[in-house]
Amino acid sequence: MPALSPTMTEGNIGKWKLKEGDSFVAGDVILEIETDKAQMDVEAQDDGVLAKILQGDGSKGVQVGTRIAVTAEEGDDLSSLEIPAEDKPSKSEAPKESKSESAPVPKQERTSTPAPKSSSSGASKSGGKAQKQTYPLYPSVQHLLKQNGLPKEEADKIPATGPNGRLLKGDVLAYLGKINESAGSEVAARLKKLSHLDLSNIKPMAQKPKAAPEKAATSIPEVVEELDVEIALPISLKAVTDVQKRVKESIGVFLPLSTFITRAAELANEELPRSQTAKPSADELFNAVLGLDKVGGQKLTRGNYVPQVIALPPVSLNARTPAKKSDILDLLAGKKATVSKARVTGAAQVVGPLNVFSVSVPKGDERRGRIFLERVKTVLEAEPGRLVV
């Protein structure tokens, strides 16, 4: 009867899935086992033949470790197979082979479990001493005791090397002879050593001398920002005022000068040369790698210039005839000088409103800004009628 949990001591056989003489392979379900908690299937770990069923369907209270069936290998003669007698465990000693069939076990380890060694020899080599375990055991220790058929009372005879005399899994393995007997004490000593932080070899770090302020100041390069360049151009608005009057007289709509200037700036911002300070886009970098940037010629972009306007008063120029100068002889003879009135010999020449248009551009974009102002000048002075529509 396999132990399907660490706390299982007995179980019931629900149903055998095979009959005597049936063959099975690893992974096949052999029988169903019922406990007070659950019902589980037992799978075969190796290939073989079910030779004899000793505990049939519905068997109740079968102790863990009790023989319930006998298996054989393929090709064995089942008629001449001798079934060995079962070694019934005593009350003070649990069955030796209580390993769960749900966990695969190598064939060389199925024959027998190593006999536990005496507590006197374990205590002499492991460094621990056997004492009564009055508190709950570690789950790993409890499972290991049950897996190897050792009663709980046997835990008091095993030398314990854990903290405060607690029994460790390594102590049980050393007691069973599965590991070196001194392994438990060595692990306990190492854990005890690592539990305390050793600060004896720690030395304070020497502070580095501070650098002289003169060197620190010279190591940081000064960043000089380049100022923008201002470009200015005088532009006459006489043609704009003439168009402004004609529109007012014809359709009765007054267009302010700001409307003409704004529309002229929009036209002048179209298709300007590329700015020298603009960063190339991803497409432009890709075209530069392929050499396509030289195929299309000069790249033109739209500007965003807004001109600043400084207004100047109109200037009137009148052509006058100069007055006749008095002769010195006439003055000495006592003759009165005749002052002739200035006479306008020509029509007055009035220069229209003259304004200074200016833009601020980054250094290197002077040509781009000048082209913009020249376009504004051309539209406002030569063809302001385009701005009305």
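**Cores, a sheet and selected contacts in a predicted model**

Biologist: Which residues have the most contacts inside the largest nonpolar core?

Modeller: The largest nonpolar core has 25 residues, and those with the most contacts inside it are Phe 260, Phe 357, Phe 372, Leu 373, Val 376 and Leu 380. A nonpolar core is a set of buried Ala, Val, Leu, Ile, Met, Phe, Trp, Tyr and Cys residues joined through side-chain atoms within 4.5 Å. Buried means under 20% relative accessible area, exposed means over 50%, and partly exposed lies in between (1.4 Å probe, protein chains only).

Biologist: What should I know about the model itself?

Modeller: This is a predicted model, in which local features need pLDDT of at least 70 and side-chain atom pairs count only at pLDDT 80 or more, while totals for chains, interfaces and linings use all residues. Residues are numbered from 1 along each chain as its sequence is written, and side-chain values use heavy atoms, with hydrogens and water left out.

Biologist: How many aromatic pairs does the structure hold?

Modeller: The structure holds one. Tyr 305 and Phe 372 form a tilted pair, 5.4 Å centre to centre with 50° between the planes. Rings of Phe, Tyr and Trp (its six-membered ring) pair if their centres lie within 6.5 Å; planes under 30 degrees apart count as stacked, over 60 as edge-to-face and the rest as tilted.

Biologist: What does the pair tie together?

Modeller: Tyr 305 lies in the loop between strand E10 (300-301) and strand E11 (308-312), and Phe 372 lies in helix H10 (residues 366-382), so the pair ties together parts that are 67 residues apart in sequence. Tyr 305 is buried at 9% relative accessible area, and Phe 372 is buried at 0%.

Biologist: New topic: which residues of helix H2 are buried?

Modeller: In H2 (residues 139-147), Val 141, Leu 144 and Leu 145 are buried. Seen down the helix axis, the buried residues of H2 fall within an arc of 100° (the arc of the directions from the axis to the C-beta atoms), so they line one face. They pack against helix H3 (169-176).

Biologist: How many residues of helix H8 are buried?

Modeller: Of the nine residues of H8 (residues 282-290), the number buried is zero, so H8 lies largely in the open. Just after H8, Gly 291 takes a positive phi of about 80°.

Biologist: What is the order of the four strands in the open sheet?

Modeller: The order is E4-E3-E1-E6, with antiparallel pairing. Two strands pair if DSSP finds at least two bridges between them. The edge strands are E4 (39-43) and E6 (62-63), each pairing on one side only. Two bridges join strand E1 (residues 10-16) to E6, and the bridge partner of Gly 11 in E6 is Val 62.

Key:
Contact = heavy atoms within 4.5 Å.
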